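This report describes one protein model for a reader who has not seen it before. Please look over the sequence and the structure first.

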Amino acid sequence: MEITAKTKKVGLFGWPLGHSLSPVMHNAAFAVTGLDYVYLPLPVAPEFLAQAVEGIRALGFRGVNVTIPHKIAVMEYLDEIDSSAKLVGAVNTIVVDDGRLIGYNTDAKGYIRSLKEAGVNAAGKSAVILGAGGAARAVVAGFIEAGAASVVVAARDKSKAGNMANLFSASAPVSGVSWDSEEFAAALANAGIVVNATPLGMYPETKKQPPVEWDLLQSSTVISDLVYNPLITSFLAEGTRRGYTVVGGEGMLIEQGALAFELWTGSKAPTKIMRQALLSGLNNKN
Ligand code: NAP
């Protein structure tokens, strides 16, 4: 498609950006829907974040996605923080509305939508989240919003798991445990879904797995991995081998992008095309 002065601009702030899959996914979506938008990778060094945020207003951008390391730091430069971003404590999508910069977070809802797409209903589930970083926080928020029965944050560091649980425990049944505790074993035995929100198993260290004692799980437990490179992690492969329903991390990446697309354009995102673009991008990545 031809880029003209009328073309609406969106993009991605991060540092370093490396080979991000978001441009290929969004530009494929704009091409197939015929929307006159372009998505640009925009590497922003931390010391220039404030100027870069002002820059999108000055240059008439419709918005940007925000990734590591700017997701929290960017919040102080925005005019408004939507409730989705307040809950997760981070912004991954900015929309510029009449010159006002509004920060959203589409990770929590995107994750829950990816489960739904895979035929898994988060409502009423007892969830065990492995890891206590940024992605874990979005997943915890997603489960609470979706009406999960309980959420256990399990990490190698008990204090980090506890701190994460404390962010939510006033309003929802969330607790934090360490991987070497009896509470962790009890949570696995009670789990409706177990989610890997650590980098364990991510390329190039693809043989690694989080420490799940498989014999403790019920046969109906769902195994979910946020890692999407490789698409089938060794955690998911072992879950499949043992007969569990498994859900890969690419669905979250697609759905968080689809929600950002919808915030910018007001149109429904073509998620099938976005998936195709993502998979071919992943093939070229490693
Ligand atoms: P993060 O903020 O750095 O948090 C990582 C978490 O994993 C922390 O709790 C960390 O524990 C733990 N961890 C790291 N290395 C570990 C190891 N060797 N053994 C045990 N625990 C370990 O990272 P994040 O942003 O939450 O991302 C986590 C994973 O999710 C990444 O693999 C990322 O690719 C994936 N992700 C996927 C999507 C998607 O759309 N599918 C979106 C976001 C993230 P410590 O604090 O003790 O180090």
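The text below covers a sheet, the helices packed on it, the aromatic pairs and the nonpolar cores.

The model is predicted, so local features need pLDDT of at least 70 and side-chain atom pairs count only at pLDDT 80 or more, while totals for chains, interfaces and linings use all residues. Residues are numbered from 1 along each chain as its sequence is written, and side-chain values use heavy atoms, with hydrogens and water left out.

**The sheet**

Helices (H or I, at least four residues) and strands (E, at least two) are DSSP runs, numbered from the N terminus. Two strands pair if DSSP finds at least two bridges between them. An open sheet of 6 strands runs in the order β2-β1-β3-β5-β6-β4, with mixed pairing. The edges are β2 (37–43) and β4 (80–81); each has a single partner strand, so one side of each lacks a neighbour in the sheet. β1 (residues 8–14) pairs with β2 in the parallel sense over 7 bridges, and F13 stands opposite L42 in β2.

Contact means heavy atoms within 4.5 Å. Angles run from 0 to 180 degrees between N-to-C directions, and the axes are lines fitted to C-alpha atoms, for helices over the stretch in contact.

| Helix | Strands touched | Angle |
|---|---|---|
| α1 (residues 22–33) | β1, β2 and β3 (63–66) | about 170 degrees with β2 |
| α9 (residues 250–265) | β1, β2, β3, β5 (93–97) and β6 (100–104) | about 5 degrees with β5 |

**Aromatic pairs**

Rings of Phe, Tyr and Trp (its six-membered ring) pair if their centres lie within 6.5 Å; planes under 30 degrees apart count as stacked, over 60 as edge-to-face and the rest as tilted. The count comes to 6 aromatic pairs. One of them, Y111 and F143, is edge-to-face, at 5.7 Å centre to centre and 65 degrees between the planes. Y111 lies in helix α4 (residues 107–117) and F143 in helix α5 (residues 134–146), 32 residues apart. Both Y111 and F143 are buried (under 20% relative accessible area, with a 1.4 Å probe and protein chains only; exposed is over 50%, partly exposed in between).

**Nonpolar cores**

A nonpolar core is a set of buried Ala, Val, Leu, Ile, Met, Phe, Trp, Tyr and Cys residues joined through side-chain atoms within 4.5 Å. The largest has 33 residues, and Y111, L115, I129, F143, V174, I193 and V195 touch the most other members. Helix α5 gives the largest share of this core, 6 residues. A second, separate core of 22 residues includes V10, M25, A29 and L253.
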